[in-house]
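I opened my notebook beside the model and wrote down what I looked up, one topic at a time. Come and read along.

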Amino acid sequence: MERMRAIDRLHPGVSLLFFVCAVGGTLLLEHPLLRLCSLCGALCCHLALCPGQSKRFLLKGALPLCAFAALLNPLFNHRGAHILFYFPWGNPCTGESLLYGVMSACLLLSVLLWFRCYAAVMTREKGLFLFSRAAPSLTLLLRLCFRFLPAFRRALERTRDAQTGLLGPPRTKREALRRAFAAFRVRLRAALTDAVEVSDAMRSRGYGLPGRTVYDRFSLHRRDRLCLLALAALSLPVFGAYAAGLLKFSYFPSPHGAAVSPFALFCAALFGLLCFFPLILQRSEVSAWRT
Amino acid sequence: MLRKGCALLCVLLCLVLCACGQTPSPAVTTTTAPTTAETTTAITTTETTTAPTTTAPTETTTTTAAPTTTAAPTTKATTAATTAATTTVPTTKATTAATTTTTRPAATTAPTTARAATRPATTTAAPTTKATTAPTTTQPQTLTCTLAIDCKTLLNHLDELEEGKRALVPQNGVLLSARSVSFTAGESVFDVLKRTCRANGIQMEFSIAPLYHTAYIEGIGNLYEFDGGPASGWMYSVNGVFPNYGCADYTLQSGDVIAWRYTCNLGGDIGGRNNYS
């Protein structure tokens with residue numbers, strides 16, 4: 001039985017705002033402290049929101065990619081004051097470039113995790129609810145595009161199964177290739193027909209016409225307003241400080257920028273709270289039901 | 001189909017490699033020939049005569065370079081190499097090239113009979129110069145030159161530098177005071193700079209342009225090109241003259257005085273020639 005998640009009961013707009021703040025903050029704020037906050041938050045949220053997926057995703061997909069990204073940077077970036085050793089082709093490998101590579105790998109990993117969480121929280125209907133009024137045809141188009149590849153692959157597999165069932169396993173490589181092409185051709189034709197059918201069906205329902213009203217499953221409750229306030233209180237000071245240039249950080253020629261001052265720590269604490277927002281919400285929900 | 005495609009790809013790859021490998025070879029630069037077919041055969045003959053001195057890869061690239069321009073005769077050449085008595089002109093040329101690869105003494109005479117006698121004078125000259133310069137480069141003998149690195153021009157452009165880089169500029173603008181550096185004959189300005197920077201713990205980044213066989217100095221001591229404005233970067237002078245070509249191509253003489261200087265105005269502010277304005 002799947003446990004009800006607190007963030008699922010929020011208004012989709014509030015969830016969207018949270019993800020925009022988290023991903024935007026991760027991308028904008030270069031300070032290593034804030035970046036580590038974001039990474040921790042993303043990891044914990046992923047563990048909580050996509051239970052059972054984290055280990056496989058991290059080990060098979062994300063971590064090798066991030067290690068690759070981290071090691072790639074010193075190969076091409078030779079700036080920095082601390083020279084560790086020299087590459088065989090003569091350019092130095094510096095500590096700063098290594099640090100920068102690690103930090104950009106952190107950025108990559110946390111953004112990947114945030115988007116996994118987004119996909120887990122923002123279901124199809126929530127997405128359609130949010131965007132279908134502003135840009136109906138674009139939303140539908142994007143939705144169909146995102147659905148296209150997985151659906152196409154599934155259909156292709158079905159066709160291949162049917163081929164082997166009818167004709168038996170291919171004897172030569174040439175035959176296998178020919179069959180693969182035939183299946184691809186069939187599926188491509190079917191996909192084109194499907195697209196025409198879907199667009200006709202949506203048009204016949206009047207989708208995207210100016211006077212068309214949308215049934216709202218979601219409305220802004222008091223809870224949602226409170227969450228909006230909390231999100232604003234957490235994110236506005238941090239982004240304000242960023243805009244004022246108080247959280248600048250640079251890695252070259254040697255790491256320098258906003259020191260670990262009380263103000264920086266305060267911003268980091270706010271941003272950390274923001275990143276752990278879904279978990280805090282969950283915790284408050286649990287305690288509310290227990291009492 | 002697939003096999004043919006692979007073969008075609010391989011041939012294309014070979015062509016590209018030949019084109020890349022051929023440009024810097026000295027034989028090509030010396031010969032200015034009227035027709036392409038003749039020059040390529042000339043190159044092959046000269047390279048085969050200097051077979052012991054030149055390295056193997058260059059030799060193979062130049063010999064395969066011949067078919068690239070004279071596509072039609074070469075297919076015949078392999079078959080008609082033994083029956084050289086056939087009458088058409090392109091085949092006889094190709095067979096002379098083929099025989100020269102096998103017998104070395106014939107190589108000097110064969111091209112002259114095949115073509116007009118204007119070319120061989122220059123083509124045979126190339127191997128002799130090679131032979132004279134080769135022994136001197138192989139003998140290691142220590143020589144000295146003077147090397148200095150400064151960025152005095154940056155003292156007037158400190159406001160253009162990034163905040164973190166201002167501390168990198170010394171008070172007097174000298175990154176490395178003039179000092180005597182030993183080098184072996186045949187080494188370039190780039191070799192000396194690389195070695196000295198490494199020995200003194202000065203960060204230096206360069207990029208190699210494989211097409212031109214030279215290096216470009218992007219930054220010394222974390223002071224990079226464009227740090228001091230859009231017309232800034234590192235230039236070098238030897239004995240007070242700015243050569244204005246790649247530092248890896250400048251072969252040093254004993255007693256040379258090298259100065260690496262940072263410019264904020266394409267060389268105009270350090271006494272160099274501004275070639276760009």
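How many residues does the contact take from chain A, and how many from chain B? I found 12 residues from chain A and 10 residues from chain B, where a contact means that two C-beta atoms, placed from the backbone, lie within 7 Å.

**Ground rules.** I noted that this is a predicted model, in which local features need pLDDT of at least 70 and side-chain atom pairs count only at pLDDT 80 or more, while totals for chains, interfaces and linings use all residues. Residues are numbered from 1 along each chain as its sequence is written, and chains are lettered from A and ligands numbered from 1 in the order in which they are written.

**Confidence.** I checked pLDDT, the predictor's confidence in each residue, from 0 to 100. Chain A averages 90, and 98% of its residues score at least 70. Within chain A, helix α1 (residues 12–28) has the highest confidence, at 95, and strand β4 (residues 256–257) the lowest, at a mean of 82.

**Chain A overall.** I counted 10 helices and four strands in chain A; these are DSSP runs numbered from the N terminus, with helices being H or I of at least four residues and strands E of at least two. From the N terminus, I read the order α-α-α-β-β-α-α-α-α-α-β-β-α-α. Of the 291 residues in chain A, 23% are buried, meaning that 20 or more other C-beta atoms lie within 10 Å of a residue's own C-beta, placed from the backbone. I also saw that 74% of the contacts in chain A between residues at least 6 apart in sequence join residues at least 24 apart.

**The cores.** Next I looked for nonpolar cores, sets of buried Ala, Val, Leu, Ile, Met, Phe, Trp, Tyr and Cys residues joined through C-beta atoms within 7 Å. The largest has 41 residues, and A:Cys267, A:Phe271, A:Leu274 and A:Cys275 touch the most other members. Helices that each supply at least two residues of this core include α1, α8 (222–243) and α9 (262–275) of chain A. The largest share, 10 residues, comes from α4(A). A second, separate core of 29 residues includes B:Leu154, B:Phe183, B:Tyr236 and B:Trp260.

**A four-stranded sheet in chain B.** I traced an open sheet in the order β2-β1-β7-β6 of chain B, with mixed pairing; strands pair if DSSP finds at least two bridges between them. β2 (174–184) and β6 (233–238) of chain B each have a single partner strand, so one side of each lacks a neighbour in the sheet. The twist averages 20 degrees from one strand to the next. Six bridges join β6(B) to the antiparallel strand β7 (residues 257–263) of chain B, and B:Met235 stands opposite B:Arg261 in β7(B).

**A three-stranded sheet in chain B.** Here I found the order β3-β4-β5 of chain B, open and antiparallel. Its edge strands are β3 and β5 (223–224) of chain B. B:Glu205 stands opposite B:Gly219 in β4(B), and in β5(B) the bridge partner of B:Gly219 is B:Tyr224.

Methods
Buried ≥ 20, exposed ≤ 12 C-beta atoms within 10 Å, placed from the backbone. Axes fitted to C-alpha atoms, helices over the stretch in contact; angles between N-to-C directions.
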